[in-house]
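User: I am new to reading protein models and would like to learn how to do it step by step. Could we go through one together?

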Amino acid sequence: MAGNRDKHPGKGATPATKVLDDAGVKYTVHHYEHDAGAPSYGLEAAEKLGLPPDAVYKTLMVDLGGHLAVAMVPVALNLDLKKFASLMGARKAVMADRRDAERRTGYVVGGISPLGQKHSSPAGIESRVELLDTVYVSGGRRGLQIGLSPFDLLRLTHAVTAPIAAAPA
């Protein structure tokens, strides 16, 4: 089923869209029917919405030795944990425990948005985002993507850019 696109989803539809509304940021909302059996939430979103995978970014929660950080990379790529640890000034990085990520963000895995998280965390994003006109990130639930300017995303998440993505093994 192809996704549909709304220019105006309604004020505060999710914590992520509420942040965008409150900041006066222009964005689009893209809905699609999520398949619970999909092996990759991000690739599923790109495919169902007909978006280029390099413009759809997944939001990952990373444990930096006791505190969590947000990493954003294109859905077709993997996060290079060593590069991300270095970017965040940590000695080591591992993927956060699912429950810790959900508790920290207030979102469920597969629907974690970098925007409107329950508790803010330091953030890093793959630097090639700056080459895009529009980046798509989770809108705060499975089956919902938000399209916005990469520079608005950087400003609102206070993310640092760096080459932190790696090709799948």
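Analyst: Let us begin with a definition, which is that two residues are in contact when heavy atoms of theirs lie within 4.5 Å. The model shown here is predicted, and in it valine 135 touches Ala55, Tyr57, Val129, Ile146, Gly147, Leu148, Ser149, Pro150 and Leu153, where residues up to four places away in sequence are not counted.

User: What share of the residues is buried in the protein?

Analyst: Of the 169 residues, 47% are buried. In helix 2, which covers residues 41-49, the buried residues are Gly42, Glu44, Ala45, Ala46 and Leu49, and just after this helix glycine 50 takes a positive phi of about 70°.

User: How many helices and strands does the protein have, and why does its radius of gyration agree with that of a compact globule?

Analyst: The secondary structure comprises five helices and eleven strands. The radius of gyration agrees because a compact globule of 169 residues would have a value near 15 Å, and the protein has 15 Å. Among contacts with a separation of 6 or more, 61% join residues 24 or more positions apart.

Methods
Residues are numbered from 1 along each chain as its sequence is written. This is a predicted model: local features need pLDDT of at least 70, side-chain atom pairs count only at pLDDT 80 or more; totals for chains, interfaces and linings use all residues. Side-chain values use heavy atoms; hydrogens and water are left out. Helices (H or I, at least four residues) and strands (E, at least two) are DSSP runs, numbered from the N terminus. The radius of gyration is taken over C-alpha atoms; the globule rule is 2.2 Å times the number of residues to the power 0.38. Buried means under 20% relative accessible area, exposed over 50%, partly exposed in between (1.4 Å probe, protein chains only).
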